[in-house]
Each structure stands twice: as C-alpha cells, then as structure tokens.
Amino acid sequence: MMGRKCVLRDAKAIEKRVQAYFDHCDSTRQERTLKSGDLRIRQEHPSMIGLAVWLGISKVTLYSYIRGEIEGADERIVSLLSRARDRIEEHVVQAAANGDYDARIAGLVLSLSLIHISEPTRLRR
C-alpha cells in the first residue's frame, strides 16, 4: 500500500492552528442557570472531526498522520497531532465526569478513538 502524501508541512503553523481550535472551543462556553438553580454549560466540545475540519483535512488523514502513515511527515507534526488527540480525549473524560457530556456518548467517542489509535505503522524510508 502506498503512503498518503504529506499536506501539513509547517509545524509552527500547525501548532498555532491546533491551539486556535482549542481556543475557539473554549470561547463558545456559555453558562446558564436553570430555574432549579442548576448550572448548565453549553460549549462546542473539541473533537477529532472538529480538529480535522479546522485544519482543512479529513478525519481519515488526521488519523493517518497520528499513526505515522503519511510519507515525509514531520515528526513534530505527528507528535503535535497525537498530543491534540490526547487533549481531546482528556476533555471528553472530564466533561463526562462533570456531567457536561453524556457518559454514553463519551464512551462511544472514546471507544471509536481506540479503533483509530492502534500502534503506529511507520513507513519504511
């Protein structure tokens, strides 16, 4: 199987775009107090699909980078995207633990993530 072509080249620019995505998600946070006194928080939660869209690539391409399947990909970019994935998963767990995210949805998101994060299949160079 041939490796995919590298489309993300500038690690610094990608790092800024990834941080901008997380900043955007944080900026959507809205707190509402219900009549019962309970506090509800609405927010665009970070996700792998959202990150892929923000970066202008497909989810499949994003996971291919993380698994090391992109020919000529800068290891800094691979590491950066892997850390972003971990940050998203951590957010899902925390949001579910706080009751801000449905636990069933969180379980589904995390189990689907496991399918995509099998050990990297590095291309031979």
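The questions and answers below go through the helix contacts, salt bridges and single residues of a predicted model.

Reader: At roughly what angle do the axes of helix α1 and helix α2 cross?

Author: Helix α1 covers residues 11-27 and helix α2 covers residues 48-55, and their axes come within 10 Å of one another. The crossing is right-handed as α1 passes α2, and the angle makes α1 oblique to α2. The axes cross at roughly 125°.

Reader: Which residues of α2 make the contact with α1?

Author: On the α1 side, the contact is made by Arg 17, Val 18, Ala 20, Tyr 21 and His 24. Taken by class, the contact of α1 with α2 has 6 nonpolar, 2 polar and 1 charged residues. On the α2 side, the residues are Gly 50, Leu 51, Trp 54 and Leu 55.

Reader: How many of the 8 residues of helix α3 are buried?

Author: A residue counts as buried when its relative accessible area is under 20%. In α3, which runs over residues 59-66, the buried residues are Thr 61, Leu 62, Tyr 63, Ser 64, Tyr 65 and Ile 66. The helix is largely enclosed by the rest of the structure, because the number of its residues that are buried is 6 of the 8.

Reader: Which residue just after α3 takes a positive phi?

Author: The residue in question follows directly on the end of α3, and its phi is about 75°. That residue is Gly 68.

Reader: Are α3 and α4 roughly parallel or roughly perpendicular to each other?

Author: The axes of α3 and α4 come within 8 Å and cross at roughly 115°, and angles from 65 to 115 degrees count as roughly perpendicular. The crossing in which α3 passes α4 is left-handed. By their angle, the two helices are therefore roughly perpendicular.

Reader: Which residues of α4 make the contact with α3?

Author: From α3, the residues that take part are Leu 62, Tyr 65 and Ile 66, and these three are among the buried residues of that helix. The contact of α3 with α4 divides by class into 6 nonpolar, 1 polar and 1 charged residues. From α4, the residues are Ile 77, Val 78, Leu 81, Ser 82 and Arg 85.

Reader: Is Arg 85 buried or exposed?

Author: Arg 85 belongs to the α4 side of the contact with α3, and its side chain also meets that of Asp 86 in a salt bridge at 3.0 Å, N to O. Asp 86 is partly exposed, with a relative accessible area of 38%. For Arg 85 the relative accessible area is 11%, and because the limit is under 20%, Arg 85 counts as buried.

Reader: What is the N to O distance in the salt bridge of Asp 74 and Arg 76?

Author: Side chains of opposite charge can pair when their charged atoms come close. The structure holds 4 salt bridges, and one of them joins the side chains of Arg 29 and Glu 31 at 3.3 Å, where Arg 29 is partly exposed at 42% relative accessibility. Arg 76, by its 56% relative accessibility, counts as exposed. Its side chain meets that of Asp 74 at an N to O distance of 2.6 Å.

Reader: How far apart in space are Asp 102 and Val 92, C-alpha to C-alpha?

Author: Asp 102 lies in the loop between α4 (75-97) and α5 (103-116), and Asp 102 is partly exposed, with a relative accessible area of 35%. In sequence, Asp 102 and Val 92 are 10 residues apart. In space, C-alpha to C-alpha, the separation of these two residues is 9.5 Å.

Definitions and conventions. Residues numbered from 1 in each chain as written. Predicted model: local features only at pLDDT ≥ 70, side-chain atom pairs only at ≥ 80, totals over all residues. Heavy atoms only, no water. Buried < 20%, exposed > 50% of the residue type's maximum accessible area, 1.4 Å probe, protein only. Helix = DSSP H or I, 4+ residues; strand = E, 2+ residues; numbered from the N terminus. Axes fitted to C-alpha atoms, helices over the stretch in contact; angles between N-to-C directions. Parallel < 35°, antiparallel > 145°, perpendicular 65-115°, else oblique. Left-handed = near helix turned anticlockwise from the far one by under 90°. Contact = heavy atoms within 4.5 Å. Nonpolar A, V, L, I, M, F, W, Y, C, P; charged D, E, K, R; others polar.
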